Amino acid sequence: MAIQKSDSHILSVLVNNRFGVLARVAGLFSGRNFNIDSLSVAETDDPEVSHMTIVTHGEAQIIEQIEKQLNRLIDVIKVRDLTAEHHVERELALVKVDCDTSERAEILQIVDIFRAKTVDVTPTNLTIEVTGDEGKIRALLDMLHPYGIKQIVKTGKIAIIRGEIRTRNG
Amino acid sequence: MRGAKILVESLKRAEVKYIFGVQGGAAMPIFDDLYDAEGLKLIPMRHEQGAAHAADGYARATGKVGVTLATSGPGATNLVTGIATAHMDSIPMVAITGQVPTYLMGNDAFQECDILGITRPICKHSYLIKSSDEVADVVAEAFHVAATGKPGPVVIDFAKDAQIQESAFYYPESVNIRSYNPTVVGHPGQIKKAMDLINRAEKPMIYAGGGVTLANAHEELRHFTSKTGIPITVTLMGLGAFPETDPLAMRMPGMHGSCCANYAFSDADLVIAIGARFDDRVTGNLERFSQKSKKIHIDIDPSSIGKNVTVDIPIVGDAKNILRDMNKLAQPAQIEPWMQQIREWQKKYPFEYRQNGDRVMPQYVIEQVYDLFPDAVVTADVGQHQMWAAQYFKYTEHRQWLNSGGLGTMGFSLPATIGAQLGRPDKTLVNINGDGSFIMNIQELVPAVTMKLPLKIFIINNMYLGMVRQWQEMFFQKRYSAVDYHDNPDFAKLAEGFGATGIRVERPEEVRPALEQAQKIEDGPVVIDFIVDEEENVFPMVPSGAGLDEVIRGLA
């Protein structure tokens, strides 16, 4: 079972929603030899601003450099390391499992236990949608493995601070 | 007004005086509108790399934003080395490239390339203009970004259909970028803490870099030094920020720096870094670098702080503001025993060389240049001659020394000298070049001759790619792979062919008369080809990976 890397950090990054910004951020990581474990991007309620959740890992000095280098990009509005703060993190996975009629009830029970959802079904397979933190998704996948997982698609992690938010796009 | 014309008008509003460019298909409307533009002069160069370096040289010499212009595709890619050079040394520059029309972009059109993709890691920021409505705003933002905070090059890629599209011209009065607000004023608490540390130090030293020049903080630095009496080393990028003739000057640090500066790093109990970034050419082996000292680091770029060494007191902000605040709290340092040590090192280990028979020694040439042109603005290229020009010429004035320090771009200096001369018509421009680097952008003699610029171009010609040859001699058993330049052309004759004055010097007694002759030539460039001792090495030298205290003072 994959355990989250001990030096893993979740960075919440607000950026201008403009041409080329994703390339600048991704290029910064590759050009400076930093790691991206996952990255997810979407527009915020302000159409001019996008939010990125970047999961990375490294020693404290490296993470500090990543934050500083991100801040150097003209299109980066704000960088916040959520790791040490109270936050909620979620990932969404879509999993396609081999499943004939004899196994269906069994698998649906697992889906139920994990509070996942069945989103598609055919005579030979089942597609499941699950939301949760990394551990929960991994546990579900472990349970589904014996039936034969045909395909997994994951969103990468997104995260948000618990409680009040100071600014609109905090 | 069409987009190209809006660009030209916007450049005028941004107070651009010169634009260095090379013509080409996707930029033709812009060149057309520059043809009769008033108050903004187009300087046609012969290669886009030369155009970029000329804009860079103009920026270094004046502190203003340099502007370069090229067409799409190969024109744009030829700018790349020039943009990267400016980026590494934080030089304010705006590079404008023509781009194929928007309806062809992405189709592998003739002379199309993704120049924004190519330049993304080597510029401070970049823009694509797809509509003439955007032009004025983009130009205003680009100049703001290039010149403020930690300066740097900004690329504007301008699609050809937008160049001919009509829009109303309106230049914004001010620029406000929500995501870009550099810190310029130093934190008072940090400044107070730094001054407490400085006042308590027994062996303090100042380590000043190119940031002092970029911030125009030279006067504040001199004030701080004279008030405290703390000895100072100025990096290759910072030369001119503090007079090298001052008794407190320990001269340049690092790989080919003075023993005094390097020993001082090893012994100091406090290093005050101002606009310097603890580059590997300065620190040598980081494990052994200045271990006994606390570090104060003043820099406008937070990412420079703590990148290479652990810093005790970081101060983010503009060096000029911070030094001004520090000067209010500065007092004379009680460090006489330390100063005695410094003076002893200064006396014992000056930069020195040995005469080899009747050869022209390269260091001797620089000494004579310094003697005859002490007030000149000096540009250097990259290699051994650059180090000798840094060691044997004593810079005393702000922006007196221009060189490619970070990227180490050979071929930089001739075009940079052109830009610098246009920016500083009041000054004599001396270009100290190498035989390898001179030929890398030799085509730029053409515009220098055309404009009758009185450049003094001095080639330290040792018939080798000398710095590499030195490393091969010391670390590669004298296997001189690809450095033998004995097939060099006769540079004096070549200069004559270009319409410049060419002089060849082969004997020591010819050095001074040739320089005196060059001094008198006012109607165009003069090239003196100094045929120097071929295998002279640059010393002192801290070998790559060694500590500063392991400096080699010379070969036995």
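In this predicted model, the C-alpha centres of domain 2 and domain 3 of chain B lie 30 Å apart. The domain assignment gives chain B domain 1 (3-164), domain 2 (188-348) and domain 3 (362-531). Those bounds come from an automatic or database domain assignment. The contact (heavy atoms within 4.5 Å) takes 19 residues from domain 2 of chain B and 19 residues from domain 3 of chain B.

Some conventions come next. The model is predicted, so local features need pLDDT of at least 70 and side-chain atom pairs count only at pLDDT 80 or more, while totals for chains, interfaces and linings use all residues. Residues are numbered from 1 along each chain as its sequence is written, chains are lettered from A and ligands numbered from 1 in the order in which they are written, and side-chain values use heavy atoms, with hydrogens and water left out.

Stay with the domain pair. The size of an interface is often given as the accessible area lost when the parts come together. Domain 2 and domain 3 of chain B bury about 1,600 Å² between them, 59% of it on carbon and sulfur atoms. Buried area here is the accessible area (1.4 Å probe) that two parts lose on being put together, summed over both. B:Leu236, B:Leu239 and B:His256 supply 34% of the area that domain 2 of chain B buries against domain 3, more than any other three residues.

Now the polar side of this boundary. Between domain 2 and domain 3 of chain B there are zero salt bridges. A salt bridge is a side-chain nitrogen of Lys or Arg within 4 Å of a carboxyl oxygen of Asp or Glu. There are 10 residue pairs in polar contact between these two domains, both residues at pLDDT 80 or more. A polar contact is a pair of N or O atoms within 3.5 Å; within protein, one must be able to donate a hydrogen and the other to accept it, and residues adjacent in sequence count only if both atoms are side-chain atoms. On the side of domain 2 of chain B that touches domain 3 of chain B, helix H9 (210-214) and helix H10 (218-228) of chain B are the elements that give two or more residues. Helices (H or I, at least four residues) and strands (E, at least two) are DSSP runs, numbered from the N terminus.

Next, look at B:Thr379. This residue lies in strand E12 (residues 377-380) of chain B. B:Thr379 counts as buried because its relative accessibility is 0%. Buried means under 20% relative accessible area, exposed over 50%, partly exposed in between (1.4 Å probe, protein chains only). The side chains of B:Thr379 and B:Thr417 are joined by a polar contact of 2.7 Å. Beyond four places in sequence, B:Thr379 touches residues including B:Leu402, B:Ser413 and B:Leu429.

Turn to the two chains. In chain A, 18 residues are in contact with 18 residues of chain B. The two chains bury about 1,600 Å² between them, 50% of it on carbon and sulfur atoms. A:Arg24, A:Arg72 and A:Ile74 supply 41% of the area that chain A buries against chain B, more than any other three residues. The count of salt bridges between the chains is two. In one salt bridge, the side chains of A:Arg72 and B:Asp301 meet at 3.6 Å, N to O.

Finally, chain A itself. Chain A has four helices and nine strands. Buried residues make up 43% of its 170 residues.
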